[in-house]
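Keep the viewer open while reading.

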Amino acid sequence: MIADALLSDLDDEELVRRLEDFWRAADTRMSTLPVHNPALAVMVTPLRRFGRFRFAAVVTPWCMAVVAVPDTGIKLPPDGVTLRLDLPAGEVDFVVASMEDGGRYGTASLFSPMDEFDDQVIAEEVALAALDELLGETEPSETAPLSINLDRRRLLGFGRGTSDG
């Protein structure tokens, strides 16, 4: 799918800017909801590479998540499907999603809502520490296999389905 290449074609600086723009636009829509923490702002960590993905932690006033952006040539499953990636910290499930322009990525929630954070600096430190824990210090040279958690209930649109592990 060509749309998967939209984000993967960007260099690291451009990708961080694109992610920040995307989450800031969402922040505008989320700002009136009760889960919005006005003490926090959108921040995207520097990117880290592992296998054939680039990862960043995202801090927003309503959630903290890790985003996985595939390299060119990696075809992601449909939106809403769980993509299980084998990271140094273990297997992590990312839900596949799309931006308005078609850019596709996986996201794994770390915190939601963000009411336990009242300081931007602390939230950013937690985001960086979480990324360090998930990815460790090594950068593997081999591609890790992809695994997709797809069951009949989810495929037919009947809720979240069951996990296979």
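One aromatic cluster is made up of F22, W23, W62 and Y105. The model is predicted. Its aromatic pairs number 6.

**The W23–W62 pair**

- The ring centres of W23 and W62 lie 6.3 Å apart, which is within the 6.5 Å cut-off for a pair.
- Their planes meet at 40°, so the pair is tilted; stacked would need under 30 degrees, and edge-to-face over 60.
- W23 and W62 are both buried.

**The F111–F117 pair**

- F111 and F117 also form an aromatic pair, with 5.1 Å from centre to centre.
- The angle between their planes is 85°, and the pair is edge-to-face.
- F111 has 32% relative accessibility, so F111 counts as partly exposed.
- F117 has a relative accessible area of 9%, so F117 is buried; the cut-off for buried is under 20%.

**The cis peptide bond**

- S112 and P113 are joined by a cis peptide bond.
- Omega at this bond is about -5°.
- Where does P113 lie? P113 is in the loop between β7 (104–111) and α3 (120–135).

Terms used. Residues are numbered from 1 along each chain as its sequence is written. This is a predicted model: local features need pLDDT of at least 70, side-chain atom pairs count only at pLDDT 80 or more; totals for chains, interfaces and linings use all residues. Side-chain values use heavy atoms; hydrogens and water are left out. Buried means under 20% relative accessible area, exposed over 50%, partly exposed in between (1.4 Å probe, protein chains only). Helices (H or I, at least four residues) and strands (E, at least two) are DSSP runs, numbered from the N terminus.
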